[in-house]
Amino acid sequence: MDIDVVIAGAGPNGLLLAAELRLAGVRPIVLERLPERSNEQRANGLVGQVARALDRRGLAEPLGGDPGGPIPRPEYIFAAMRLPLQLIDDNPIYILPSPQPKIEAVLEERALELGADLRRGHELAGFTQDEDGVTVEVAGPDGPYALRAKFLVGADGGRSRTRKLAGIDFVGVTNDAMVSRLGHASIPAEYFDPASGVLRIPGYGDIPPFMHHRSDRGLFVYAPFPGRQPLVSTGEWNESDAGEMTFEELQASVDRVLGVHLPLIQESEFVRRNVGGNTRIADRFRAGRVLLVGDAAHVHSAMGGPGLNLGLQDVLNLGWKLAAEVQGWAPEGLLDTYESERRPVGERVVMQTQAQSALVAPGPEVTALRKVFAELLTEPATVQHIADLISGADIRYFDGPHPLIGRSVPDLTVDGVRLAEILRSGRPVLLDLLEGSPYASHANERVDLVTGRGEQQVAMLIRPDGYVAWAADDAAASEGLQAALAKWFQVRNLTSATT
Ligand SMILES: Cc1cc2nc3c(=O)[nH]c(=O)nc-3n(C[C@H](O)[C@H](O)[C@H](O)COP(=O)(O)OP(=O)(O)OC[C@H]3O[C@@H](n4cnc5c(N)ncnc54)[C@H](O)[C@@H]3O)c2cc1C
């Protein structure tokens, strides 16, 4: 079989998966039905631990991250309430401020650089699978053709054809009440406080830019992105219009939400109305040789921007496991840990986005509930909890005797080099920062050994997705390393004094 993996969809998740598979030496073909990259305005940035994960591939800086590694944000919002992140010691909220077309451009460049075969204008039309592989039917620009591959991954978005053809249910709810509108618009200068940049609206009050703002009637956001068209958006409940969306409709919606007239200046023809929203999760992420990632596996409200924090980390979790399966060295059950690790994370995103949607709805009961939440959000422990929840910093895939086991690797330096840079090869690493480098004899063809000195006396077995498979603080505590090497990387029979 010439093709290892067919990926349906060249959105952010399909493109990153192609890059991950190439990094591991696997040959993917990416089918994308659109003839050109989409310019659709969706994500405005990446929020959460995904920034650190992409830094471990050298992709954070091209997406607006600091060259020295992503820096946590001093403030963020939860359900249109300020999260006072300065109250907490361990701020996990990182942001890469890139619009979706730029995210896709950067990921496409990486996938192509690494040699992925990207076919635009080629649509997945159908597939059949058997024990040995998947036969994919493609509608290409020159007519239909078939591909035979070991695996098919559906990265084809919320309406995923792959998911439907695989017979995988999309379980959840559709909320028809919420109507969101957005457009490129600015606001006259006299409405801003020149010192703080805060919107000062006579008869209403102050609204900081970029933050979701809830009134008793709905949501309002003004986002004056540097170097891009400013965006105005609203969210209302049961206030839909028929027909084509217009700029006048956006203006009327802003005025209804705020209860006063705030004049908008139209900056482009772009306006959009979305009615309703889905919160759904696939009942399986895998059906035989077919897997789902990103929006194909789960959709939810965009509030707080969690979509790509979830999807791109699905991809980083799946990529190396699928490569191991294709290359024939995957330990038994490795590929199934993709779903067992990522489904609970998806379920938590569904939970927290539904909670945020409930907390921004109109009505006096919700206003009262928000007051209770606002009180709770003066407590550092509560702020830490919510920040960990929305950033994904609370993910622990599995337990172990050391507190780092199952968690995302901490930011360390090794002889002055950032660990994130060392992990960019996407290979498993046994990092030994202990006195005397007791694990030096564990180098093998599958796991790279890195020794040196860092801020912490620790040894860790780090998976390609940056999660810690095993850790110890001293050489005496080496039990579990041999088992972890076998469980995750099929490495057995190491002769070493420490095991
Ligand atoms: C208004 C809005 C704002 C958002 N804001 C944010 C944000 O700020 N931060 C954030 O992280 N996320 C945000 N999101 C979510 C984010 O846009 C999605 O999570 C993300 O695009 C999902 O990526 P994907 O690759 O899974 O799917 P998609 O981006 O949907 O890509 C799927 C691709 O598959 C292609 N395709 C579909 N069917 C086929 C087929 N049969 N054959 C071949 N190709 C096919 C499509 O053309 C498309 O290119 C927002 C979403 C919306 C709607």
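Lys321 is buried, with a relative accessible area of 0%; buried here means under 20% relative accessible area, exposed over 50%, and partly exposed in between, taken with a 1.4 Å probe and protein chains only. Its salt-bridge partner is Glu341, with 2.8 Å from N to O, and Glu341 is buried too, at 5%. This is a predicted model, where local features need pLDDT of at least 70 and side-chain atom pairs count only at pLDDT 80 or more, while totals for chains, interfaces and linings use all residues. Residues are numbered from 1 along each chain as its sequence is written, and side-chain values use heavy atoms, with hydrogens and water left out.

**Salt bridges**

- A salt bridge here is a side-chain nitrogen of Lys or Arg within 4 Å of a carboxyl oxygen of Asp or Glu, and by that rule the count comes to 35.
- Helices (H or I, at least four residues) and strands (E, at least two) are DSSP runs, numbered from the N terminus.
- Arg148 pairs with Asp130, and their closest N and O atoms are 3.0 Å apart. The two sit 18 residues apart, Arg148 in strand E10 (residues 143-154) and Asp130 in the loop between E8 and strand E9 (134-140).
- Arg427 and Asp448 form another salt bridge, with 2.8 Å between the closest N and O atoms. Arg427 lies in the loop between helix H10 (419-422) and strand E23 (429-432), and Asp448 in strand E24 (residues 448-451), so the pair ties together parts 21 residues apart in sequence.
- Arg427 is partly exposed at 31%, and Asp448 is partly exposed at 26%.
- There's also a network of salt bridges linking Arg181, Glu236, Glu249, Arg256 and Arg273.

**Around the ligand**

- The ligand has 27 residues around it, and Asn13, Glu32, Arg42, Gln100 and Leu308 come nearest; a residue is near if one of its heavy atoms lies within 4 Å.
- By type, the shell divides into eight nonpolar, 11 polar and eight charged residues. The nonpolar set is Ala, Val, Leu, Ile, Met, Phe, Trp, Tyr, Cys and Pro, the charged set is Asp, Glu, Lys and Arg, and the others, Gly among them, count as polar.
- Helix H1 (12-23), strand E2 (28-32), strand E8 (123-129) and helix H6 (307-327) each supply at least two shell residues.
- A polar side-chain atom of Glu32 lies 2.6 Å from a ligand oxygen atom, and a backbone N or O atom of Asn44 lies 3.1 Å from a ligand oxygen atom.
- On the nitrogen side, a ligand nitrogen atom is 2.9 Å from a polar backbone atom of Leu124. The protein covers 85% of the 1000 Å² of accessible area that the ligand has on its own, with areas from the Shrake-Rupley method and a 1.4 Å probe.

**Strands and sheets**

- Six strands form an open sheet with antiparallel pairing, in the order E14-E15-E16-E11-E17-E20. Its edge strands are E14 (213-214) and E20 (298-299), each pairing on one side only. Two strands pair if DSSP finds at least two bridges between them.
- Within that order, E11 (residues 170-186) and E16 (residues 231-237) pair in the antiparallel sense over seven bridges, and Met178 stands opposite Trp237 in E16.
- E8 and E9 pair in the antiparallel sense over six bridges, and a hairpin of four residues joins them. Gly126 has Glu137 in E9 as its bridge partner.

**Two more residues**

- Ser408 sits in the loop between helix H9 (380-391) and strand E21 (413-414), and it is buried at 18%.
- The side chain of Ser408 makes a polar contact with the side chain of Arg52, at 3.3 Å. A polar contact is a pair of N or O atoms within 3.5 Å; within protein, one must be able to donate a hydrogen and the other to accept it, and residues adjacent in sequence count only if both atoms are side-chain atoms.
- Ala355 lies in helix H7 and is partly exposed at 31%. Its C-alpha atom is separated by 43 Å from that of Val491, 136 residues apart along the chain.
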